Amino acid sequence: MATGQAPGNPVPAMRTYPPVEHPVVVIGPQYLAQYPVELAVKSDFKVSDINGTLIFQVKSKLLSLHDRRLLKDAAGNTLVNLRQKIRTMHGRWEAFRGESKEKSDLLFIAKKSKLFQFKTELDVFLVNNEGQVPDFKVKEGYSKISCSILLGDSNTMLAQVTLTELISEICQY
(Lines give C-alpha, C1' and ligand atoms only; values in the text may rest on other atoms or scores of the structure.)
Protein backbone atom coordinates (compact mmCIF):
# COMPACT_ATOMS: atom_id res chain seq x y z
CA MET A 1 0.00 0.00 0.00
CA ALA A 2 1.31 3.46 -0.92
CA THR A 3 1.97 5.99 1.81
CA GLY A 4 -0.95 8.35 2.38
CA GLN A 5 -3.68 5.99 1.21
CA ALA A 6 -6.62 4.99 3.39
CA PRO A 7 -6.60 1.31 4.42
CA GLY A 8 -8.76 -0.81 2.12
CA ASN A 9 -8.79 1.77 -0.68
CA PRO A 10 -7.02 1.07 -3.98
CA VAL A 11 -3.83 2.91 -4.87
CA PRO A 12 -4.36 4.94 -8.07
CA ALA A 13 -2.24 4.04 -11.09
CA MET A 14 0.77 6.32 -11.44
CA ARG A 15 2.69 7.88 -14.31
CA THR A 16 5.97 9.80 -13.95
CA TYR A 17 5.49 13.56 -13.38
CA PRO A 18 7.32 16.22 -11.37
CA PRO A 19 6.15 16.44 -7.72
CA VAL A 20 3.27 18.76 -6.80
CA GLU A 21 4.73 22.02 -5.40
CA HIS A 22 2.01 23.24 -3.04
CA PRO A 23 -0.56 20.49 -2.40
CA VAL A 24 -3.91 21.48 -0.85
CA VAL A 25 -5.65 19.03 1.46
CA VAL A 26 -9.44 19.35 1.23
CA ILE A 27 -10.94 16.03 2.40
CA GLY A 28 -7.97 14.49 4.21
CA PRO A 29 -4.26 13.82 3.70
CA GLN A 30 -4.93 10.16 2.84
CA TYR A 31 -6.52 11.36 -0.45
CA LEU A 32 -3.59 13.56 -1.43
CA ALA A 33 -1.32 12.03 -4.06
CA GLN A 34 2.23 13.33 -4.23
CA TYR A 35 1.98 13.10 -8.03
CA PRO A 36 -0.67 13.87 -10.67
CA VAL A 37 -3.19 11.05 -11.08
CA GLU A 38 -5.21 10.50 -14.23
CA LEU A 39 -8.79 9.76 -13.29
CA ALA A 40 -11.74 9.01 -15.56
CA VAL A 41 -15.28 10.09 -14.68
CA LYS A 42 -17.98 7.93 -16.23
CA SER A 43 -21.57 8.95 -16.91
CA ASP A 44 -22.70 7.00 -13.81
CA PHE A 45 -20.33 9.25 -11.80
CA LYS A 46 -17.90 6.49 -10.92
CA VAL A 47 -14.33 7.74 -10.87
CA SER A 48 -11.55 5.31 -11.77
CA ASP A 49 -7.84 5.46 -12.54
CA ILE A 50 -6.33 4.71 -15.95
CA ASN A 51 -6.38 0.98 -15.15
CA GLY A 52 -10.13 1.06 -14.47
CA THR A 53 -9.76 0.71 -10.67
CA LEU A 54 -12.67 2.39 -8.87
CA ILE A 55 -11.44 5.28 -6.69
CA PHE A 56 -14.59 7.32 -5.92
CA GLN A 57 -18.28 7.32 -6.73
CA VAL A 58 -21.03 9.91 -6.40
CA LYS A 59 -24.46 8.81 -5.18
CA SER A 60 -27.63 10.92 -5.15
CA LYS A 61 -30.05 10.93 -2.23
CA LEU A 62 -33.52 10.95 -3.76
CA LEU A 63 -36.01 11.32 -0.92
CA SER A 64 -34.56 14.52 0.45
CA LEU A 65 -35.79 18.09 0.79
CA HIS A 66 -32.46 19.39 -0.55
CA ASP A 67 -30.66 18.24 -3.66
CA ARG A 68 -27.95 16.05 -2.11
CA ARG A 69 -24.96 14.08 -3.40
CA LEU A 70 -22.58 11.84 -1.48
CA LEU A 71 -18.96 11.35 -2.53
CA LYS A 72 -17.93 7.85 -1.48
CA ASP A 73 -14.61 6.05 -1.56
CA ALA A 74 -14.13 2.70 -3.30
CA ALA A 75 -15.20 0.84 -0.14
CA GLY A 76 -18.50 2.78 -0.02
CA ASN A 77 -17.60 5.05 2.91
CA THR A 78 -19.08 8.56 2.64
CA LEU A 79 -16.31 11.16 2.39
CA VAL A 80 -18.32 14.27 1.52
CA ASN A 81 -21.99 15.25 1.79
CA LEU A 82 -22.80 17.83 -0.92
CA ARG A 83 -26.00 19.76 -0.26
CA GLN A 84 -27.54 22.37 -2.50
CA LYS A 85 -28.78 25.43 -0.66
CA ILE A 86 -32.33 26.27 -1.67
CA ARG A 87 -33.31 29.80 -2.60
CA THR A 88 -29.88 31.11 -3.52
CA MET A 89 -29.25 33.24 -6.60
CA HIS A 90 -25.88 31.64 -7.40
CA GLY A 91 -26.89 27.97 -6.99
CA ARG A 92 -24.76 27.51 -3.89
CA TRP A 93 -23.62 24.06 -2.72
CA GLU A 94 -22.08 23.23 0.65
CA ALA A 95 -19.73 20.30 1.18
CA PHE A 96 -19.52 18.67 4.61
CA ARG A 97 -17.22 15.96 5.98
CA GLY A 98 -18.83 12.50 5.90
CA GLU A 99 -22.64 12.48 6.16
CA SER A 100 -22.65 15.53 8.43
CA LYS A 101 -24.50 18.77 7.79
CA GLU A 102 -23.06 20.59 10.81
CA LYS A 103 -21.23 23.89 10.23
CA SER A 104 -18.23 22.52 12.18
CA ASP A 105 -17.82 19.86 9.44
CA LEU A 106 -18.07 22.28 6.50
CA LEU A 107 -15.20 21.73 4.01
CA PHE A 108 -16.02 24.17 1.21
CA ILE A 109 -18.72 26.14 -0.57
CA ALA A 110 -19.20 26.17 -4.36
CA LYS A 111 -21.34 28.67 -6.22
CA LYS A 112 -21.80 30.03 -9.72
CA SER A 113 -19.22 32.70 -10.53
CA LYS A 114 -21.79 34.87 -12.30
CA LEU A 115 -25.55 35.01 -12.09
CA PHE A 116 -26.03 34.46 -15.85
CA GLN A 117 -23.67 32.10 -17.66
CA PHE A 118 -23.42 30.52 -21.10
CA LYS A 119 -20.81 28.06 -19.83
CA THR A 120 -20.77 26.82 -16.25
CA GLU A 121 -18.19 28.48 -14.04
CA LEU A 122 -18.03 27.82 -10.29
CA ASP A 123 -16.11 29.55 -7.51
CA VAL A 124 -14.98 27.21 -4.73
CA PHE A 125 -14.16 28.66 -1.30
CA LEU A 126 -12.50 26.50 1.36
CA VAL A 127 -14.04 26.82 4.81
CA ASN A 128 -11.36 29.22 6.15
CA ASN A 129 -11.61 31.58 3.13
CA GLU A 130 -13.89 34.51 3.89
CA GLY A 131 -12.51 36.72 1.09
CA GLN A 132 -13.71 37.51 -2.41
CA VAL A 133 -11.07 35.45 -4.26
CA PRO A 134 -11.97 31.75 -4.53
CA ASP A 135 -9.48 29.01 -3.68
CA PHE A 136 -10.43 27.18 -6.89
CA LYS A 137 -12.43 27.85 -10.02
CA VAL A 138 -14.21 25.17 -12.06
CA LYS A 139 -14.78 26.07 -15.72
CA GLU A 140 -16.80 24.13 -18.26
CA GLY A 141 -14.77 23.18 -21.33
CA TYR A 142 -15.60 23.76 -24.97
CA SER A 143 -17.85 20.73 -24.82
CA LYS A 144 -20.22 20.00 -21.97
CA ILE A 145 -18.33 16.76 -21.25
CA SER A 146 -15.21 18.40 -19.88
CA CYS A 147 -14.13 21.00 -17.33
CA SER A 148 -10.96 22.49 -15.86
CA ILE A 149 -10.15 23.15 -12.22
CA LEU A 150 -8.00 26.25 -11.73
CA LEU A 151 -6.13 27.66 -8.75
CA GLY A 152 -8.02 30.73 -7.48
CA ASP A 153 -8.61 33.39 -10.11
CA SER A 154 -5.43 32.40 -11.97
CA ASN A 155 -4.98 30.36 -15.13
CA THR A 156 -2.95 27.75 -13.21
CA MET A 157 -4.64 24.47 -14.10
CA LEU A 158 -4.84 21.88 -11.33
CA ALA A 159 -6.99 19.31 -13.11
CA GLN A 160 -8.94 18.54 -16.24
CA VAL A 161 -12.02 16.34 -16.11
CA THR A 162 -13.58 14.51 -19.06
CA LEU A 163 -16.59 12.24 -18.94
CA THR A 164 -14.95 9.33 -20.79
CA GLU A 165 -17.97 7.08 -21.17
CA LEU A 166 -19.92 9.88 -22.84
CA ILE A 167 -17.08 10.48 -25.30
CA SER A 168 -17.01 6.83 -26.35
CA GLU A 169 -20.81 6.82 -26.75
CA ILE A 170 -20.69 9.98 -28.88
CA CYS A 171 -17.90 8.59 -31.05
CA GLN A 172 -20.00 5.51 -31.86
CA TYR A 173 -22.61 7.63 -33.69
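The structure holds 1 aromatic pair. Rings of Phe, Tyr and Trp (its six-membered ring) pair if their centres lie within 6.5 Å; planes under 30 degrees apart count as stacked, over 60 as edge-to-face and the rest as tilted. The rings of Tyr31 and Phe56 have centres 5.9 Å apart and planes at 45°, so this pair is tilted. Tyr31 is partly exposed, at a relative accessible area of 24%. Phe56 is buried, at 16%. Here buried means under 20% relative accessible area, exposed over 50%, and partly exposed in between (1.4 Å probe, protein chains only).

The model is predicted: local features need pLDDT of at least 70, side-chain atom pairs count only at pLDDT 80 or more, and totals for chains, interfaces and linings use all residues. Residues are numbered from 1 along each chain as its sequence is written, and side-chain values use heavy atoms, with hydrogens and water left out.

The protein has 1 helix and 11 strands. From the N terminus on, the order is β-β-β-β-β-β-β-β-β-β-β-α. Helices (H or I, at least four residues) and strands (E, at least two) are DSSP runs, numbered from the N terminus. Of the 173 residues, 33% are buried. Among contacts with a separation of 6 or more, 20% join residues 24 or more positions apart. Contact means heavy atoms within 4.5 Å.

Strand S5 (residues 78–84) contains Thr78. Thr78 is buried, with a relative accessible area of 18%. Its side chain makes a polar contact with the side chain of Lys72 (3.0 Å). The Thr78 side chain also makes one with the side chain of Glu99 (3.1 Å). A polar contact is a pair of N or O atoms within 3.5 Å; within protein, one must be able to donate a hydrogen and the other to accept it, and residues adjacent in sequence count only if both atoms are side-chain atoms. Beyond neighbours within four places in sequence, Thr78 is in contact with Leu70, Leu71, Lys72, Gly98 and Glu99.

Leu79 is also placed in strand S5. Leu79 counts as buried, at 10% relative accessibility. The C-alpha atoms of Leu79 and Phe56 lie 9.3 Å apart, across 23 residues of sequence.

Val26 lies in the segment before S1. Val26 is partly exposed, with a relative accessible area of 26%. Its contacts, apart from neighbours within four places in sequence, are Leu107, Phe108, Leu126 and Phe136. Val26 and Arg97 are 71 residues apart in sequence and 9.7 Å apart in space, C-alpha to C-alpha.

The second largest pocket is lined by 12 residues. Ile109, Lys111, Phe125, Asn129 and Gly131 lie nearest its centre. Strand S7 (106–112) and strand S8 (121–126) are the elements that each give two or more residues to this lining. The largest share, 3 residues, comes from S7. On a 1 Å grid over the protein atoms alone, a pocket is an open set of points where a 1.4 Å probe fits, with protein on both sides within 12 Å along at least five of seven lines; lining residues have an atom within 4 Å of a point.
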